[in-house]
Amino acid sequence: MTTQTLLHERDRSRQAFLSRSTLLTSLVLIVGMLVVLVLNALPESSAWHVSNATVSLLGKYFTYMLLALAVDLIWGYLGILSLGHGAFFALGGYAMGLYLNAQTSPLPGWQSIMTYFPVAALAVLLAPGLLALVFGWLAFRSRVTGVYFSIITQALTFALMLAFNRNEMGMGGSTGLTRFYELLGFSLASEGMTVALFVASGMAVLLAFWLCRAITVSRLGRVSVATRDAEARVRFIGYRVDHVKLALFVVSAMIAGVAGALYVPQVGIINPSTFAPLFSIEVVVWVALGGRATLYGALLGALVVNYLKTVLTGVMPDAWLFILGGLFVLVTMLLPQGIAGVISTWRGKRHDGEEQDRQEVSA
Amino acid sequence: MTKIQHSTGRFLTRLLMHSVLLCLLMAWGLSVSQTAAAAVSDAQSRALLEALDTRSFQAKGDAAQAIAESDAEQKTRWLQALLDGRLGKERRGERFYIVTDDSGREWPIIDAITFEDAGTGTRRTVEVFKINNDLRTRIQGLLASLSLSAGNETSRLAAAERLVGEVTADNADSVRAMRDDEESQSVRGQLDVALALYDVQQGDIDALETLRGNLDTRVRNTLTPIAAGDSELAAEAQSVLGGIESKRAWYDRAQTLFFGLSAGSILVLAAIGLAITFGVMGVINMAHGELIMIGAYTTWMIQQALPGQPGLALALAIPGGFLVAGAFGVVIERTVIRFLKGRPLETLLATFGLSLILQQLVRSVFSPLNRRVTSPDWLQGAWQINEALSLTLNRLAVLLFCLVVFAGLWALMRYTRLGLEVRAVTQNRAMARAMGVRATRVDMLTFGLGAGVAGLAGVALSQLTNVGPNLGQGYIVDSFLVVVFGGVGNLWGTLVAGMSLGVINQVLQPWVGAVLAKIIVLVGVILFIQKRPQGIFAPKGRTS
């Protein structure tokens with residue numbers, strides 16, 4: 001009894017918001033962003049120059065990292081595996097897409113309200129948020145957990161994919177939304193806009209990282225980790241487990257929505273394939289490779305896998321699915337803790353708060 | 001003949017009578033053919049055909065009628081050729097030809113009167129007699145009544161069916177005469193319908209009784225304008241039409257039910273393997289769809305190895321698909337799943353990775369293109385029960401196959417040693433091991449069994465759709481929903497869930513379209529699972 005209390009006290013002291021890994025991750029993000037900006041500003045003749053295309057690509061990676069954070073928040077710290085997070089990402093993307101389309105030609109019907117940026121920005125948060133609220137409320141209230149939850153989230157994103165493929169939805173059918181020219185009155189094609197979107201995405205990752213960190217060290221985060229490890233026990237103690245799950249699920253969906261909204265202007269298109277179950281499950285492998293239940297692991301995983309994808313699909317397109325499939329198998333079998341796990345083993349037994357959380361992570 | 005046999009009784013007499021009769025028949029046949037040949041000389045034939053060489057379609061029709069009423073032997077062939085637009089006349093000459101093949105530029109032709117080979121002709125040398133729609137209808141009627149007077153029962157029945165709606169003032173009397181002479185009950189019934197339809201058009205109210213409950217589209221189409229009027233006849237026709245419509249509606253419902261069950265049987269076949277691996281073993285196998293695909297590719301490969309024998313290939317593919325997919329399943333279980341025991345989410349991810357690898361493997365080894373598996377003859381076509389209801393044979397076969405597979409699997413789980421061991425391991429692994437059940441072997445075999453059944457689903461699917469690398473992908477979400485909807489660990493639940501989802505989908509489709517129907521079913525199942533996480537048939541006791 002005493003030891004447990006002691007452990008508890010020690011944990012609390014270690015669960016400070018500014019742990020070493022948080023500082024380090026923030027620092028790497030900020031310095032990385034600055035370096036890219038400086039290198040981008042160099043004259044094109046310079047060997048160190050980073051082209052706009054690369055900046056845009058990195059901006060896209062940032063949005064993927066944001067999405068990975070969203071998945072990690074609920075998978076790593078709450079133990080619920082969503083195979084449909086691409087749906088929230090895509091909903092945010094579609095909200096942004098509607099707004100961008102409205103800049104060139106007025107939209108019909110109810111969509112016309114998306115002409116105003118504040119409305120669109122609200123929609124980016126509310127569309128995925130509300131879906132997550134309704135879906136999560138239904139699911140958690142009736143205690144749908146584990147694999148069942150994963151399967152119905154997959155069915156959800158599959159149903160949405162079918163729905164958005166229909167022309168009657170007014171979302172461009174299978175082509176999706178495209179032909180974006182202006183954002184907030186500035187041309188999307190301009191160099192400044194590329195850099196601005198890159199910085200915005202980077203800042204979003206940083207803010208979301210801090211938000212997730214704040215949540216995980218808060219009481220809410222501690223209850224959620226407890227829920228992950230022993231749901232029934234937490235419920236018997238008297239916590240409303242469904243409320244905890246719902247809160248984190250909605251926050252996670254909103255982060256995914258923001259990621260989608262930042263993704264769309266940088267890529268220039270949003271279509272129903274973003275709802276495809278394959279994309280959502282790919283996100284899970286980013287987190288699994290990086291190391292679930294560590295926030296920096298999710299960021300790292302998203303970056304590594306997507307960089308690999310960019311390089312490999314260019315060099316040998318046929319091999320990519322072999323490698324992605326192999327990653328799924330090898331990571332789950334050989335690296336259950338992901339890269340973050342390797343790093344922490346390599347650093348010896350010097351735990352900080354995050355690794356504590358990650359112990360005994362099992363579905 | 002039978003009468004004679006009975007009346008004589010004695011063998012010798014019978015034999016004698018036989019030979020006499022045969023001789024008589026032969027003599028009569030000879031004389032008939034001789035008189036026919038004598039009746040129409042070549043000159044007369046020429047005159048008959050010459051009458052067709054006119055611009056007026058009315059005159060052409062009369063000429064065709066004259067041909068039909070003549071004694072010329074070749075009349076059926078002439079009329080058929082005329083109907084097909086292949087009867088023609090030499091442009092600079094007096095000969096008549098039948099074009100045997102008008103697909104190319106040079107047509108092989110035969111003489112229309114002697115049917116002797118006449119070399120080739122072209123558009124320039126042979127002028128084909130043109131016909132219009134009215135004339136076509138008329139010729140069809142003529143041909144029908146021609147074949148009514150000759151041929152066996154099947155061809156007479158076909159002719160009688162063609163006559164429905166084609167009876168006109170021209171041929172009504174002859175059809176009536178033929179109906180009275182007709183011996184076959186079914187042909188007579190069909191002729192009655194044809195005549196009744198004509199009589200109704202002439203205003204005969206009693207004839208409507210014959211048409212009551214007839215499902216023929218032509219009857220409905222003819223009655224619809226008649227029912228539009230205000231007379232007593234119209235009111236009566238209205239009631240007959242109403243009866244026909246409600247009968248059709250019932251058959252339509254039966255048809256929808258059949259399509260639903262057929263779609264459902266595919267779902268059940270795809271899901272039943274999962275019901276074993278996921279439901280019984282608790283292993284999430286996301287590569288299940290790819291095992292289905294492997295079964296389908298096995299069918300395709302066996303068919304490539306046995307060209308021209310799709311029936312044999314299919315028969316071999318059933319055990320083949322089972323074994324190949326089952327072998328893949330055993331390998332997957334041995335190399336991956338065994339190490340992830342008790343970690344369902346990790347199993348899910350690893351098997352998903354396997355599914356990607358298998359898909360890409362098929363793309364690299366075969367090709368990303370779809371392959372076509374030809375169905376054997378006895379699976380092609382449809383079983384036409386009546387005008388409103390026809391069951392596609394391959395779908396019917398898949399439905400039966402599904403039931404057989406289900407029954408086999410159920411019996412296996414219920415009555416065999418393996419089934420007993422599987423149930424024991426599922427219920428209490430430790431206790432089962434203590435009793436001497438080799439749990440790891442049971443795991444391997446169970447997973448192999450589930451995978452083999454997926455292979456069987458692939459064999460069945462190859463008869464319905466093209467075989468491609470993405471074949472299985474489309475079934476994975478559906479299959480899981482079926483298993484969860486039916487209640488995990490419950491084979492009966494899977495059967496009921498799959499069939500009902502198939503039927504619901506088919507019932508919704510005409511109202512909202514295929515895609516929306518699918519969405520509604522998906523959302524419906526999602527909501528149902530929220531309400532009843534244990535599915536339709538909740539497992540008893542504390543197993544959940």
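Which residues in helix 21 of chain B are buried? They are Leu491(B), Gly493(B), Thr494(B), Leu495(B), Val496(B), Ala497(B), Gly498(B), Met499(B), Leu501(B), Gly502(B), Asn505(B) and Gln506(B). A residue is buried if 20 or more other C-beta atoms lie within 10 Å of its own, exposed if 12 or fewer, and partly exposed in between, with C-beta atoms placed from the backbone.

This is a predicted model, in which local features need pLDDT of at least 70, side-chain atom pairs count only at pLDDT 80 or more, and totals for chains, interfaces and linings use all residues. Residues are numbered from 1 along each chain as its sequence is written, while chains are lettered from A and ligands numbered from 1 in the order in which they are written.

Stay with helix 21 of chain B. Its buried residues pack against helix 12 (232-280), helix 16 (393-415), helix 20 (473-486) and helix 22 (514-531) of chain B. Helix 21 covers residues 491-512, which is 22 residues. At 1.5 Å a residue, it should span 32 Å. The expected span is 1.5 Å times one less than the number of residues. The end C-alpha atoms are 31 Å apart, which agrees. Just after the helix, Gly513(B) takes a positive phi of about 90°.

Now take chain B as a whole. Chain B has 22 helices and seven strands. Helices (H or I, at least four residues) and strands (E, at least two) are DSSP runs, numbered from the N terminus. Of the 544 residues in chain B, 41% are buried. Two residues are in contact if their C-beta atoms, placed from the backbone, lie within 7 Å. Among contacts in chain B with a separation of 6 or more, 67% join residues 24 or more positions apart.

Next come helix pairs. Axes are lines fitted to C-alpha atoms, for helices over the stretch in contact, and angles run from 0 to 180 degrees between N-to-C directions. Angles under 35 degrees count as roughly parallel, over 145 as roughly antiparallel, 65 to 115 as roughly perpendicular and the rest as oblique.

In chain B, helix 12 and helix 19 (residues 439-462) pack at about 170°, with axes 8 Å apart. That makes helix 12 of chain B roughly antiparallel to helix 19 of chain B. Residues in this contact include Ile266(B) and Leu269(B) of helix 12, and Thr446(B) and Phe447(B) of helix 19. By class, the contact has 16 nonpolar, four polar and no charged residues. Ala, Val, Leu, Ile, Met, Phe, Trp, Tyr, Cys and Pro count as nonpolar, Asp, Glu, Lys and Arg as charged, and the others, Gly among them, as polar.

Helix 13 (residues 288-305) and helix 15 (residues 344-365) of chain B pack at about 25°, with axes 9 Å apart. These two helices are therefore roughly parallel. Gly289(B), Glu290(B), Met293(B) and Tyr297(B) in helix 13 meet Ser355(B), Leu358(B), Gln359(B) and Val362(B) in helix 15. Four of the contact residues are nonpolar, three polar and one charged.

The axes of helix 3 (residues 52-78) and helix 11 of chain A come within 9 Å and cross at roughly 70°. They are therefore roughly perpendicular. Trp75(A) of helix 3 and Trp286(A) of helix 11 are among the contact residues.

Finally, look where the chains touch. The contact takes 40 residues from chain A and 33 residues from chain B. On the side of chain A, helix 6 gives the most, with 14 residues. That side has 28 nonpolar, nine polar and three charged residues.
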